[in-house]
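Work through the exercises below with the structure open. Try each task before you read its solution.

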Amino acid sequence: MSYDTNKNYYYKRHGKVLRLYKFRKNTLGPVDSNGRVNSANADFIYPDEAITDGLRIEYTALTKPFVDEDPETTADASLTEATSPTELSHVNLNRVLSLAVVEYLKAHMAERKGDVQAKEYFMKQFYNKLADNESNRNNVFVTIPMQPYAIR
Amino acid sequence: MMERANTRETKLAIAFVKDAITQIQSTHEVVLKNDKQSIVEDQRDYNLPTDVIALDSVSVLDTEDGNKYKRIRRLMDDPLVSEDKDLG
């Protein structure tokens, strides 16, 4: 019997748990000792109903980090996870993100050698590649019609 | 990848690759998982999945509108709750 759940429910992350609240708005509040009625009585309560599979949480996780086949050429559903990854395993990312991971590896290898400047340089490259990947997803193609008297 | 990073330490490289993917997943939604739980009357706290890196969205089922999951909003502060139950 849940309704308008996008307006009535709110959440807050609290460490490893998610706190769920329901917003309750009453048209009339209780009558006080002077006989006055508060017309705007709204407050938060805990969920007042049971809903089977009512809460859905979407999140990012470390899913199949290494796979046996090249993820660029194989459909994601048919990729099998490499549980004991070797040098021949593939990283389950696209090309640009794989290059970003290479920069991350270089940065941490440089840090192990005590070269902090190189580490900072490669980490900057890592974030640049992440930004490239993000901007590649947001390409917008704009078509501008040619003016009838434009010089061609 | 190890050749490009100029390393021969496989275990260390694997650990760093996992760290890199975790770092990427904390800010970019490369792969999303979802988890469903039943809402229990008068229960405030629900366990997050153990493998959460970053939350993308939280939705609650609207049974009056064709059983659709509707995305709910996050509160910035703890609200003042009336009818607070004893959580034990």
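**Exercise 1.** Find which backbone nitrogen lies 3.0 Å from a polar atom of the side chain of Ser89(A).

*Solution.* Start at the side chain of Ser89(A). Then list contacts (heavy atoms within 4.5 Å). Leaving aside residues up to four places away in sequence, Ser89(A) touches Phe66(A), Val67(A) and Ala82(A).

This is a predicted model, where local features need pLDDT of at least 70, side-chain atom pairs count only at pLDDT 80 or more, and totals for chains, interfaces and linings use all residues. Residues are numbered from 1 along each chain as its sequence is written, chains are lettered from A in the order in which they are written, and side-chain values use heavy atoms, without hydrogens and water.

**Exercise 2.** Decide whether Glu103(A) is buried or exposed.

*Solution.* Locate Glu103(A) in helix α2 (residues 95-112) of chain A. Its relative accessible area is 9%, so Glu103(A) is buried (buried means under 20%, exposed over 50%, partly exposed in between, with a 1.4 Å probe and protein chains only). Beyond four places in sequence, Glu103(A) touches Phe122(A), Gln125(A), Phe126(A) and Lys129(A).

**Exercise 3.** Describe how α3(A) and α1(B) cross.

*Solution.* Take the axes of α3 (residues 116-137) of chain A and α1 (residues 10-27) of chain B. They come within 12 Å and cross at roughly 50°. Therefore α3(A) is oblique to α1(B) (under 35 degrees is roughly parallel, over 145 roughly antiparallel, 65 to 115 roughly perpendicular, the rest oblique). Now the residues: Phe126(A), Tyr127(A) and Leu130(A) meet Ala20(B), Gln23(B) and Ile24(B). By class, five are nonpolar, one is polar and none is charged.

How values were computed: Helix = DSSP H or I, 4+ residues; strand = E, 2+ residues; numbered from the N terminus. Axes fitted to C-alpha atoms, helices over the stretch in contact; angles between N-to-C directions. Nonpolar A, V, L, I, M, F, W, Y, C, P; charged D, E, K, R; others polar. Polar contact = N/O pair within 3.5 Å; in protein donor to acceptor, adjacent residues only side chain to side chain.
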